[in-house]
Structures are given as structure tokens and as C-alpha cells.
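Thank you all for making time this morning.

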Amino acid sequence: MYSLKALSNDYSDNSFRTKIAGVKSRVANENEKDVKCGNESLKRIMMENIVSSPTISKQLIFSAGKQRFQKLIDVVCSRNKFSYTVVSSHIYCEVTKPPVTCFAFFQP
């Protein structure tokens with residue numbers, strides 16, 4: 001079991017900088033899989049439905065995704081940066097159309 005002090009040290013700003021120091025960013029090439037989107041159809045729906053309002057974007061993507069895939073879709077949209085982890089969904093996608101970024105996925 002971790003103590004709070006141990007966790008805060010592991011995830012401190014300085015610790016993170018130390019771990020990534022000297023690591024060059026990787027530029028994706030055409031042959032690499034898009035790690036932010038596992039489904040082209042969902043990506044297209046998102047690109048067509050992101051507007052300047054995160055709330056309206058979420059509603060539009062939800063409706064279009066439900067119609068296209070015939071099941072409920074979880075959608076998060078924001079003008080601010082956010083973090084997430086895809087654990088159990090094979091159908092997911094993150095799309096940014098400034099100033100809005102949306103992430104959508106299907107629960108298994």
C-alpha cells in the first residue's frame with residue numbers, strides 16, 4: 001500500500017521532469033496507427049460535429065454516434081486540457097477542432 005507522501009513524490013512536477021528529461025518527442029508518420037483514435041468512422045462523426053461550444057459538441061456527437069452505431073456513446077468535450085486513460089474500450093477517439101477537444105468511447 002502506498003502512502004500519500006510516496007504517491008505525491010512519484011507524481012511531483014520535478015519527478016516528472018526528471019523522468020522525461022532528454023526524451024525526444026516522437027513524430028507520427030503515415031504508417032503509424034493513430035493512438036488517439038481507434039475508429040475512423042467515429043473520428044469522421046466527431047470532426048463533423050465539433051462546434052465552438054463543448055456542450056453542443058457533446059450533444060451532437062452523442063446523437064450522431066448513437067444513430068450510426070446503434071448504441072450509447074460516452075462523450076467528453078472541453079475547451080481546457082484534460083487527461084484520460086482508455087482501459088477497456090476498442091472504439092474510442094480524441095479529436096480537436098480549436099478551441100474544443102472531445103473524447104468519445106463505447107463501453108464494452
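Let me begin with a question to keep in mind while you look: which strands does helix H3 lie across, and at about what angle does it run to S2? Before I answer, please remember that what you see is a predicted model.

The chain has 108 residues, of which 28% count as buried, and its secondary structure comes to 4 helices and 3 strands. If you follow the chain from the N terminus, the elements run α-α-α-α-β-β-β.

Turning to the sheet, the 3 strands form an open sheet in the order S1-S3-S2, with antiparallel pairing. Strand S1, residues 74-78, and strand S2, residues 92-97, are the edge strands, and each of them pairs on one side only, while the twist from one strand to the next averages 10°. Between S2 and strand S3, which covers residues 100-105, there are 6 bridges, and these two strands run antiparallel; within this part of the sheet, tyrosine 92 stands opposite phenylalanine 105 in S3.

Now back to the opening question: helix H3, residues 40-49, lies across S2 and S3, and runs at about 30° to S2. Helix H4, residues 54-69, lies across S1 and S3, running at about 155° to S1.

Finally, two values for the chain as a whole. Of the contacts between residues at least 6 apart in sequence, 51% join residues at least 24 apart, and the chain exposes about 8400 Å², with carbon and sulfur atoms supplying 54% of that area.

Definitions and conventions:
Residues are numbered from 1 along each chain as its sequence is written. This is a predicted model: local features need pLDDT of at least 70, side-chain atom pairs count only at pLDDT 80 or more; totals for chains, interfaces and linings use all residues. Side-chain values use heavy atoms; hydrogens and water are left out. Buried means under 20% relative accessible area, exposed over 50%, partly exposed in between (1.4 Å probe, protein chains only). Contact means heavy atoms within 4.5 Å. Accessible areas come from the Shrake-Rupley method with a 1.4 Å probe; for residues, only the protein chains shown count as cover. Two strands pair if DSSP finds at least two bridges between them. Axes are lines fitted to C-alpha atoms, for helices over the stretch in contact, and angles run from 0 to 180 degrees between N-to-C directions.
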